[in-house]
Amino acid sequence: MSKLVIVESPTKVKSIKKYLGNDYDVMASMGHIRDLPKSKLGVDVNNNFKLEYINMPEKRELIKSLKEAAQKSDGVLLATDPDREGEAISWHLAKILNLPLEDTNRVTFNEITKTGISAGIKAPRAIDLNLVDAQQARRVLDRIVGYKLSPFLWKKVKSGLSAGRVQSVALKLIVDREREIEAFNPEEFWSIDAKLLSGKKSFDAKLYGLLKDKKPISITNEKEALAIVEALGNAEYVVDGIKKGVRNKQPAPPFITSTLQQEASRKFNFTGQKTMRIAQQLYEGVDVPGYGVTGLITYMRTDSLRISDEARTAGNSLIVSTFGNKYLPDKPRYYKSKNNAQDAHEAIRPTIIPLTPAEAKASLTTDQYKLYKLIWERFIASLMAACVQDTVSVDIAANDYLFKASGYSVRFDGYTALYEEGTDEAKDDEGTLPPMEKGDSLKLKKLLPNQHFTQPPARYTEPTLIKALDDNGIGRPSTYAPIISNIQQRTYIEREKKSLKPTSLGMVVSDLIGEHFKSIVDVKFTAGFEKKLDKIGLGEADWIKIIDEFYGDFNSLYVKAEKSLDGKHVKIPDEETDIVCDKCGRKMVVKNGRFGKFLACPGYPQCKNTMPVPEDEVKQPCPKCGSKLVKRISKKGNKFYGCSNYPKCDFASPGVPTGEVCKECGNYIISGVRGRKYCMNSECPSRQKSDKKAKK
């Protein structure tokens, strides 16, 4: 007989089985096997919040197989993921398989490698019921909020809406930022830049203030700027002072979940969900020649910056052999995790330090390679010596005015020889300055007064929203990607290039929840609840008592909201466009339907005109009438190119017209996927030949 090891994901089975050998059988639970029923709340709020778990119908055959395997085995080890969710899945498995909860049958693998599997198997423990309670408390919270607020929104706004506890806070952050932008009043200000020559080398200096007090001045309008330019008409520019210094630029720490998602978004434009999906693949195992199927990174849901001594030693050895001794800092660098970090796992790092991205590349998909390279370089760089820069700041006198210029040069590149962290803000335009001494005369090439206006705060992007959630203690590492995905799928927000913008529906929903359920969308309240969940996980708080306190307050707010909005319905304002209805002359508005957005006449029901939302204009004109072509979406959700002069011109094509004419049938040649050119007439022999070739 052999022992049965149950993991969550089937992709781990092969690699774990390889390391454990023939004395173990490995099966996957495919995630949760029990859950609350979808058709009802499933939480008895009048009986200590007793949960009504049911076996998931789609897992019936799997549960049967797990039971049969457990009965035949010489013991069961529960090796689900090393987090609260994984602990809860192990607890559900123990319940279904009738395993005593006091048995030491729970094992965790921080990495799917021989070392990680061996360490996990040697340290079995009992299921941590405190972690299970923390997960159940979160589940109950989210269930109560979702199952109460969603029907409330159906009645007061429109059917099919839903609300989530943490998602509502994220939505409010986006809505509040949009309101800040709308309310922003730009203020004018001016700057004066001098382009100067020192010898034959030019550099830029900015007007700072007056020489007498060396304090900054503000220039609020063109008149003031031109007066200063006039006062500098015959000025001599002289170096008034030089300040030299040295600064050490330290590397960023190794990745945690939130920073990995932020950096992957900045550098590769990955969504949080895509990043986590690829990271899961790297964690679970990839077949690499010479190593076999092995996990390439440690567990990717973590908020800890801790790294093992073994990994540090291996990283230091690689740095010395690749870059040299001077690239190691004098003292090892240790990073401190946030106070609210659970510190259950290490930071995200490569499991096989000597396996460079270049060596692993042939075994990885393009996206896997990008993410592995990012994680590997960030980890190695975090161990490396600082980048040392020589800085110089120059004061320049011109009549009564003071100009300043600054720059730097790299004395020692340090960790930047391998990696530099991305940023969400524009980088300083510091550069190198020519050699100068105090008293040197400089030649003025050009004096430029520049008008500026203060800018509103930028909309959130996915990385900046994740950072805001992380900084405020909203949610946990595993929840950031689903939060953004959920509010986007519900059409509460939309992407405008990289920015996250609330829709009219999102603003209505956020305002309604914020008005009647203020605590639900309060950042401090939600962050405070995360701390309470942490206390439950540590065994320092009773989950039923905490949920009872929350439910009492929440339910009273719900009753008040029902009374105050009795019989009332909140209208979602339509988004007006510049497109004129060709039937009645009104301006069309954007509506949301089963297949996405479409344009509708606001004169409904008198005018029932609708049309697809025009997308990007195409450079190629309509081959039929010469009007502009636009990319549209059909009612079935398919993209096509149509004439902007519709319905007068009915040209529509699945590809972009090339301007060429088919020699066989005289129809239009269009360009499709990957630049393939073919006749748009599906009956044309040349089109049929092209289709066959494309299929091959």
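**Exercise 1. Find where K373 and E377 sit, and describe how they pair.**

Step 1. Start with the helix: K373 and E377 both belong to helix α12 (residues 366–382), four residues apart, about one turn of the helix. Helices here are DSSP runs of H or I with at least four residues, strands are runs of E with at least two, and both are numbered from the N terminus.

Step 2. A word on the model: it is predicted, so local features need pLDDT of at least 70 and side-chain atom pairs count only at pLDDT 80 or more, while totals for chains, interfaces and linings use all residues. Residues are numbered from 1 along each chain as its sequence is written, and side-chain values use heavy atoms, with hydrogens and water left out.

Step 3. Now look at the side chains: K373 forms a salt bridge with E377, and their closest N and O atoms are 2.9 Å apart. The term salt bridge means a side-chain nitrogen of Lys or Arg within 4 Å of a carboxyl oxygen of Asp or Glu.

Step 4. Check the exposure of each partner. K373 is partly exposed because its relative accessibility is 29%, whereas E377, at 13%, is buried. Buried means under 20% relative accessible area, exposed means over 50%, and partly exposed lies in between (1.4 Å probe, protein chains only).

**Exercise 2. Work out which parts of the chain E496 and R459 join.**

Step 1. E496 and R459 form a salt bridge, with the closest N and O atoms 3.0 Å apart.

Step 2. E496 is in strand β16 (residues 493–496) and R459 is in the loop between β15 (441–453) and α13 (462–471), so this pair ties together parts 37 residues apart in sequence.

Step 3. E496 is partly exposed at 39% relative accessible area, and R459 is partly exposed at 23%.

Step 4. Widen the view: a network of salt bridges links E178, R459, E496 and K501. A search of the whole structure finds 31 salt bridges.

**Exercise 3. Describe the pair D471 and K467.**

Step 1. Both residues lie in helix α13, four residues apart, about one turn of the helix.

Step 2. D471 is partly exposed at 45% relative accessibility, and K467 is partly exposed at 39%.
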